[in-house]
Amino acid sequence: MRIFYVLLAVSIAARGFAITPSDDARQTSEYLKSLPAAQRPVFDQTQILALASLPLSCIDHPQQQQDHPQTYLWVYDGRPHPAQDYDRNRAFYGCYDWHSAVNSTWTLVALLRQNPKMFLAPVIRQRLTEHLGKDNIAGEVEFFRYAKIGDAEGKNFERPYGYTWLLKLYGELQTWNDPDAQKLSANMQPLVKLMAGKYVDYLKSMPYPMRVGVHPNTALTMSFALDYADAVNDSDVKTGVHDAAVRFFGNDKSCPTAYEPSNGDFASPCLAEAMVMGRVLDQKSFVSWLNDFLPPVYSPAFKVYQSEIDTARITASGSNADAEDTNGLLGAKSHLIGLAFQRAADLLRIASALPADDPRVAVFQRLADLNAQQGFRKIGEAGYLGQHWLATYAVLYMQAQAAAIQK
């Protein structure tokens, strides 16, 4: 009995010392003051041209990939070579792999839409017209329908990451009041319809989410799908994402931020999940959910998002692509550089989902600027395996920054 009263007294004392809302706000404010000053990256014409040049330099160059289905692009009759007329019956074959070709195309569209008179505009329009022609899209549809014997080997090819990038690309084109964009979005409709249906079926079939920091991450790909669904008002995709997000993440608590990052991550599992829940929950519900999911911003458990992402000690992965990468500039290192941009974009979108007077908003915005600074500082260190896609994640941050400023 004495033990019972001792435990009861300890419990009461603990509740008495619980952090009150005013204490939380004070500690959050003090933490914000302790953060380094950050210069928000400026997207001037020089920066925009530099970003556009990266995907533009690779979009026309097919590369053999071991994980690409043999029925997609490459022919293996002796020395491997691309299929005849691949540039007429495939849309996405450059920039290393399929999903990078898709997101690189999106990057060019997003930058051109923002800067229609930019110096590279004529060549970008030409490349978009060549890659997104009706015959090119028809070839993609034929492949992803898996209508031929042997095509089943690619059944999971690019699902879900590539699927959702394809949807996001279409959303960018379809909502752009530009004659070329409208023509190309019309060309893409058959492939988009196919991909949207496959993606919703995929979400419904999943018993559990993927919480990794790379391509299959469920929350990350949901955000791309929501960008598309919100842009074109696709209620099936929007409902599919909403239902799956609540089912997968609605009861999540205490995300293990200490586990981040893993070697080779380009996305934060905790921030990606919080960002997508900020989009599917109403504000009041999201605040309550976030309070249980992420640690207080001033706590040691949250300071991982303030810390510099260590890319200096990454070594080559051992893949063929990295064979001459003696300095470890490719593969995992490029992913970790991209992680800085993804963190920054997620932090801004989480902040935008909170009430304007929430003291965490300013902290998230400052941490976003610090992470973005890091990404731009290191983007030149990534080698080709990074530079073919890092511009995409820099532009994702750019869009999140613009949206936050407009709010």
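Visitor: Where does Pro261 lie?
Guide: Pro261 sits in the loop between helix H11 (235-249) and helix H12 (269-280). Helices here are DSSP runs of H or I with at least four residues (strands are E runs of at least two), numbered from the N terminus. Bear in mind that this is a predicted model, where local features need pLDDT of at least 70, side-chain atom pairs count only at pLDDT 80 or more, and totals for chains, interfaces and linings use all residues. Residues are numbered from 1 along each chain as its sequence is written, and side-chain values use heavy atoms, with hydrogens and water left out.

Visitor: What kind of peptide bond joins Glu260 and Pro261?
Guide: A cis one, with omega about -10°. The bond from Arg159 to Pro160 is cis too, with omega near 10°; Pro160 is in the loop between helix H7 (134-144) and helix H8 (161-174).

Visitor: Why does Val102 count as buried?
Guide: Buried means under 20% relative accessible area, exposed over 50%, and partly exposed in between (1.4 Å probe, protein chains only). Val102 comes out at 0%, so it counts as buried. Val102 belongs to helix H5 (residues 98-114). Contact means heavy atoms within 4.5 Å, and beyond its neighbours within four places in sequence, Val102 is in contact with Phe92, Trp165, Leu166 and Leu169.

Visitor: And Thr392, buried or exposed?
Guide: Its relative accessible area is 2%, so Thr392 is buried. Thr392 is in helix H17 (residues 390-406) and, not counting residues up to four places away in sequence, touches Asn103, Ser104, Trp106, Thr107 and Trp165.

Visitor: What makes Asn233 exposed?
Guide: A relative accessible area of 58%, so Asn233 lands in the exposed class. Asn233 is in the loop between H10 and H11, and its phi is near 60°, a positive value in a residue other than glycine.

Visitor: Why are H9 and H10 called oblique?
Guide: Angles under 35 degrees count as roughly parallel, over 145 as roughly antiparallel, 65 to 115 as roughly perpendicular, and the rest as oblique. The axes of H9 (residues 179-205) and H10 (residues 218-232) come within 12 Å and cross at roughly 135°, and the pair is therefore oblique. Those axes are lines fitted to C-alpha atoms, for helices over the stretch in contact, with angles from 0 to 180 degrees between N-to-C directions.

Visitor: Which residues make the contact?
Guide: H9 brings Val192, Ala196, Tyr199 and Leu203, while H10 brings Thr221, Met222, Ala225 and Tyr228.
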